[in-house]
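I am opening a notebook on this structure and will write down what I looked up, entry by entry. I begin with how the elements are named, and then go through the chains and their contacts.

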Amino acid sequence: MRWGAFFLVALAVAALIFGCASAINNDYVFFAGYTVLQFIVLATAWNILGGYTGYVNFGSAAFFAIGAYSTVFFYKFYPMPIPVLILIAAAISGLIGLGMGYLTLRLRGAFFAIATLALAVVLQTLIVNWNYVGGSRGAYIIRPSSVDYIGSYVHYLFLIMLALAVVALTIAYAIEHSALGYGFATIRDDELAAEASGVPTLKLKLIATTLSGALMGMAGAPFPYYIGYLQPSSAFGLEYAVNSIAMPIIGGTVSWAGPLVGAILLGTLQQYVTVTISSSVNVLIVGVLLVAFVVVAPNGIIGLVKSIARRGRRERKPA
Amino acid sequence: MQLFSPELVINALIAGLLLGGFYAAVTLGISISFGILDIVNIAHPGFIILGSYIAYILNAQFGIDPIVAALIALPAFYGLGAAIYQVYYVAFETRGREALSGLAFFFGLLFITEVLLILVFGVDYRYVQASYIDQSINIGFVNLPKRMLIPCMISILMFIVLQLFLSRTFMGRAIMAVAQDQLALRLMAASPTRIKRTAFAISIATASLAGAFLIIIQPVEPSVGREYIGRVFAICVLGGLGSLPGTVIAAMLLGVAESLTATFYGPSWAPAVSFGILLLTLAFRPAGILGR
Amino acid sequence: MNANLLEVERLGKRFGGFVALDGIDLAVAAGERVGLIGPNGSGKSTLVNCLCGTLGNYSGAVRFDGRDVAGLTAHQRTRLGMARSFQLPRPFASMTVADNVRVPLLYTVNARRAPRLSSEAVAARAAELLALVGLADKGGQFPRDLTQVEMRKLELARAMAADPKLLIADEAMAGLSHSEVEDIVALLIRLNEGGITVILIEHIMRAVMTFSQRLVVLVSGKKIADGSPNEVIRDKEVERAYLGQ
């Protein structure tokens, strides 16, 4: 399927989902659904760099927070509609991703991973000390109560995140089925051989970092409106870092479907656990699942499904 | 910004050096696992916090001095390190997929450790009681708090012991060799796996002591470990991977930098110092000061 | 106009205190078939790595097709026309054998100014290359399913896919049977007749002697002989250092 067709199918599915959610007409569905959709975007974005090229980003929270805080900044400075804020967040996060990549991508993957962690902390420290956006006290965002044609504001946010999820998944799909996807895979498999085969590894890695960072920033842009009160500890929260890594790894990093599966499964599981048990147990479960999958099933759920299918096909062949 | 006075600067410098000595102990484990064995054990700070809590329990329940408690717990940490390495080896080194999965593995361990501690102990700050914690030695205007001085001195001792171990004993030299040439080791009928496991176990054992130092110096709660991830890798990279003396020097430099920043600009900027140094080092001199 | 495709001038490479290459001078004319031999550890692969950009920080100069390649990354040199196979095969493990060969077609051939190959043409050319090395029916398999010998053939096919002016084959024939060695030598000679300059690094003397128009001998990082194959193997120093007389 060409990516254009994929985009249309995804749009259709999204429209269906929105229709069903509106029919149920329970605001909790929209609130919870927003979180799951947000994770779909974050997981897919992480996977473009981590899964496709093999460079692990521990600082997903930083890019997410950049998106969130650029919204806060403009809210105070010159309010703008959310779609515009999303584009601005994409530009800023993308640029920072590019800059960080340029500084560190010429080193080995392990150093890059550590540098992403460093970046997250540096950014958090800068934000905590920046009083215009609230610093450590936090910032309040007043949410409009409703939007024409769509209904309550949370319906609007849900719709926006749905659209972002469609965009993210389509980008991932398009990459996978293009020469760029091959290039990314060679970087993951053997960077030295990739260079020797003519793959411009630095350029491709920079593309991946920029794209990944931009998408994460876009996921963060509507967040202040969703949550109403933004503090650095929530924007740079631990759950974003763990989930951005756990969801693609558990779902399966080699395909666009992996982060989707991982985000839906883990996202809904977490909603359930947070409400019934506690949010700490939540993170514990994600951590345990991450370690378990990494040790036992490194290709994730999608990988397990594929290998079962392959074994089935082999058994069906006549001896 | 505070007024410059020589006493203030000197005290900040001394505090920085003492802090650096402590940071060196914290980083020692990473110098071994990352610097020598090339294993990115990003969960190391989690084990340090675990060490802090174990020191806390033994201190609160039985009144044992935290450093003594750490020594008691040392064998357990050693065993934990050996077990973790075994899992790591079977899951990753044999399968050849160490890059992405190894990092994710340790990252997962880091969070599991932190959350388990939250579930067991809660998020309140814990601290230990010992006679020397509130005492200071004063030489003129120079203030040497004992709670910083003692960990610093023991840390330097740890380094000397380990440096001697790595250069004088058979196992120590085997560890240095395994970093360079596994085939030669196999030909000598020494098992590289066993040697690496020993080294990794030692690196986790150091976390026991480092944890005790931490809770002597400051109150601890489970998420404190996260601040140290950047610090330890900054020191490790700045000092040059695999160089123990380099680690000590880099730790001192970082300690001084943070101390001066905290004194003159305020403590909320301190985390940015270490992570900023890390980014700059990676960008411009990844081999570090004394690197191989 | 220089007829030399490759000029290496006083190439030196150190690893810490260890001198891997010590002032290598080498000139390869366009269309030549050069054999490069030497004991293990003599620096042959290091030489290849420096030429192709996989290793940097070398002293001396490397000129390819008239231009100095200093500062060019490995992929840029590949696009200029240098291709190499790795001594220890480095396949892309997550993709099929056919896709492995597609990569240089997509990223080297299609990156040059000539009209880009369509995806059908890429697939056809990949199949053609696999057939040339005797892997025609393995296109859909994964590198982990191949034997060591088949992986070396894949290495060669991948290097050929980059449509090079200079092909450096680094011990591509280790482990091959007598007839397989003959096949590969014949293949390389055919490539050479089609215009590709080839440097063959090998230990299999039979192949080297059949193939080479010129023979270069490397020992401990120094070039100790460079001339016609028959003269070189009779050279006393070569006998002593390498052939073991």
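Entry 1, naming. I take helices (H or I, at least four residues) and strands (E, at least two) as DSSP runs, numbered from the N terminus. With that convention, I read the elements of chain B from the N terminus on as α-α-α-α-β-β-α-α-α-α-α-α-α, which comes to 11 helices and 2 strands.

Residues are numbered from 1 along each chain as its sequence is written, while chains are lettered from A and ligands numbered from 1 in the order in which they are written.

Within chain A, confidence is lowest in strand β2 (residues 146-147), at a mean of 70, and highest in helix α9 (residues 201-220), at 94. I note for later reading that where pLDDT is low, the predicted coordinates should not be read in detail.

I checked the radius of gyration, taken over C-alpha atoms, against the globule rule of 2.2 Å times the number of residues to the power 0.38. For 292 residues a compact globule would have a radius near 19 Å, and chain B agrees because its own value is 19 Å. The C-alpha atoms of chain B fill a box of roughly 60 × 45 × 35 Å along the principal axes. I call a residue buried if 20 or more other C-beta atoms lie within 10 Å of its own, exposed if 12 or fewer, and partly exposed in between, with C-beta atoms placed from the backbone; buried residues make up 51% of the 292 in chain B. Two residues are in contact if their C-beta atoms, placed from the backbone, lie within 7 Å, and among contacts in chain B between residues at least 6 apart in sequence, 78% join residues at least 24 apart.

Helix α5 (residues 146-168) of chain B has 23 residues and reaches 32 Å from its first C-alpha to its last, close to the expected 33 Å, where the expected span is 1.5 Å times one less than the number of residues. Its buried residues include B:R147, B:C152, B:F159 and B:L166, and the buried residues of α5(B) pack against α1 (6-36), β2 (142-145), α6 (170-180), α8 (192-217) and α10 (244-265) of chain B. I count two strands as paired if DSSP finds at least two bridges between them; strand β1 (residues 136-139) of chain B and β2(B) pair in the antiparallel sense over 4 bridges, with B:I137 opposite B:L144. These two strands form a hairpin with 2 residues between them, and B:G140 in the turn has a positive phi of about 65 degrees.

I found an open sheet of 4 strands in chain C, in the order β2-β1-β4-β5 with antiparallel pairing, whose edge strands, β2 (18-29) and β5 (67-68), each pair on one side only. Strand β1 (residues 4-15) of chain C is joined to strand β4 (residues 59-64) of chain C by 5 bridges, and C:L6 has C:F64 in β4(C) as its bridge partner.

Which chains share the most contacts, of the 2 pairs in contact? They are chains A and B, where 35 residues of chain A are in contact with 33 residues of chain B. On the chain A side, α5(A) gives the largest share, 14 residues, and the residues of that side divide into 27 nonpolar, 8 polar and no charged. I count Ala, Val, Leu, Ile, Met, Phe, Trp, Tyr, Cys and Pro as nonpolar, Asp, Glu, Lys and Arg as charged, and the others, Gly among them, as polar. The contact between chains A and C takes 18 residues from chain A and 24 from chain C; α7(A) gives the most to the chain A side, with 7 residues, and that side divides into 9 nonpolar, 5 polar and 4 charged. Chain B and chain C do not touch, and their nearest C-alpha atoms are 8 Å apart.

Key. Predicted model: local features only at pLDDT ≥ 70, side-chain atom pairs only at ≥ 80, totals over all residues. pLDDT = per-residue confidence, 0-100.
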